[in-house]
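Dear colleague,

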Amino acid sequence: MGRYSDWLQSPHSARVWLQSSMTAAGQFAFVNPLHRLKHWIANKGKRVDCWRQRDKECFYCNKGIDQQHEYAYGVYIEKGNAEIKYLHTNLTTHTHIQNKFSELFDNNENPCDLVFAIERKEITNLNGVRVLGYDLAKTDEEMFVPEVLRPSPLSPFQNLVRDFKWIVPEEIVVKLLEHDSKPFNLIDLFLLIKQKAPKLPDKTAKSYAVRLLENGVLDVKKAKEYRH
């Protein structure tokens, strides 16, 4: 990992970014980003929300200031840390990333299972013009965060609200991750859960073992249940 730059991070929010020619490692938390309409206020040097997206009158639209599309991708920036950071991109980078994701899906690869080298560089927009954006390259790095600890990969709503409930507590699931996808019978899985959580009542441990077994294999993804 030493060949990568550190992400630049906001002290006030979960936003991360890179400067030109910087490359950092990141794993995407989901493939559909959060979409926002913004206005660039030149004299203040900042973007502000477009209130029309909230079905309200927008002062900046009324002033004739162009809307800009902003797409926020959730990323994990270090191994073992499930805190989602947000990489804000423009339409050109968003289109570029979605094309990369489509190629991976066509090859039966889940982009959220991969760690990418994310580089700030010039890319080509739809008009054939070279503009500054972000490019992606697959790496052989082990994923930073396993699937069970990630939000739904296709629903941007998951990144605003944890729209699921843990049937098996997260603290127990974390202790079972190294055994995920391994064969178990009910008794052995029950004993493993008791080993990891000795104070857990036998009846509860058995119910967790039943929940997590799928055709004789431990499936930690079954530990949570989506509400939608």
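In what follows, a residue is called buried when its relative accessible area is under 20%, exposed when that area is over 50%, and partly exposed in between. Please keep in mind throughout that this is a predicted model.

With that cut-off in hand, Leu-191, which lies in helix H4, has a relative accessibility of 48% and therefore counts as partly exposed. Leu-34, which is found in strand S4 (residues 34-41), has a relative accessible area of 10% and so is buried. Between Leu-34 and Lys-44 there are ten residues of sequence separation, and the distance from C-alpha to C-alpha is 24 Å.

As for the chain as a whole, its secondary structure comes to five helices and 13 strands, and its C-alpha trace spans about 65 × 40 × 35 Å along the principal axes. The chain has 228 residues, of which 40% count as buried. Of the contacts in the chain with a separation of 6 or more, 59% are accounted for by residues 24 or more positions apart.

Helix H4 also takes part in a helix pair that may interest you. The axes of H4 (residues 186-196) and H5 (residues 202-212) come within 9 Å and cross at roughly 125°, which means that H4 is oblique to H5. The crossing in which H4 passes H5 is right-handed. On the side of H4 the contact is made by Leu-186, Leu-189, Phe-190, Ile-193 and Lys-194, and on the side of H5 by Asp-202, Ala-205, Lys-206, Tyr-208, Ala-209, Val-210 and Leu-212.

A last point concerns confidence. The chain has a mean pLDDT of 87, and 92% of its residues reach 70 or more. Among the elements of the chain, strand S3 (residues 23-28) has the highest mean pLDDT, at 96, whereas strand S10 (residues 164-166) has the lowest, at 74. Where pLDDT is low, the predicted coordinates should not be read in detail.

With kind regards

Methods. Residues are numbered from 1 along each chain as its sequence is written. This is a predicted model: local features need pLDDT of at least 70, side-chain atom pairs count only at pLDDT 80 or more; totals for chains, interfaces and linings use all residues. Side-chain values use heavy atoms; hydrogens and water are left out. Axes are lines fitted to C-alpha atoms, for helices over the stretch in contact, and angles run from 0 to 180 degrees between N-to-C directions. Helices (H or I, at least four residues) and strands (E, at least two) are DSSP runs, numbered from the N terminus. Angles under 35 degrees count as roughly parallel, over 145 as roughly antiparallel, 65 to 115 as roughly perpendicular and the rest as oblique. A crossing is left-handed if the near helix is turned anticlockwise from the far one by less than a right angle, and right-handed if clockwise. Contact means heavy atoms within 4.5 Å. pLDDT is the predictor's confidence in each residue, from 0 to 100. Buried means under 20% relative accessible area, exposed over 50%, partly exposed in between (1.4 Å probe, protein chains only).
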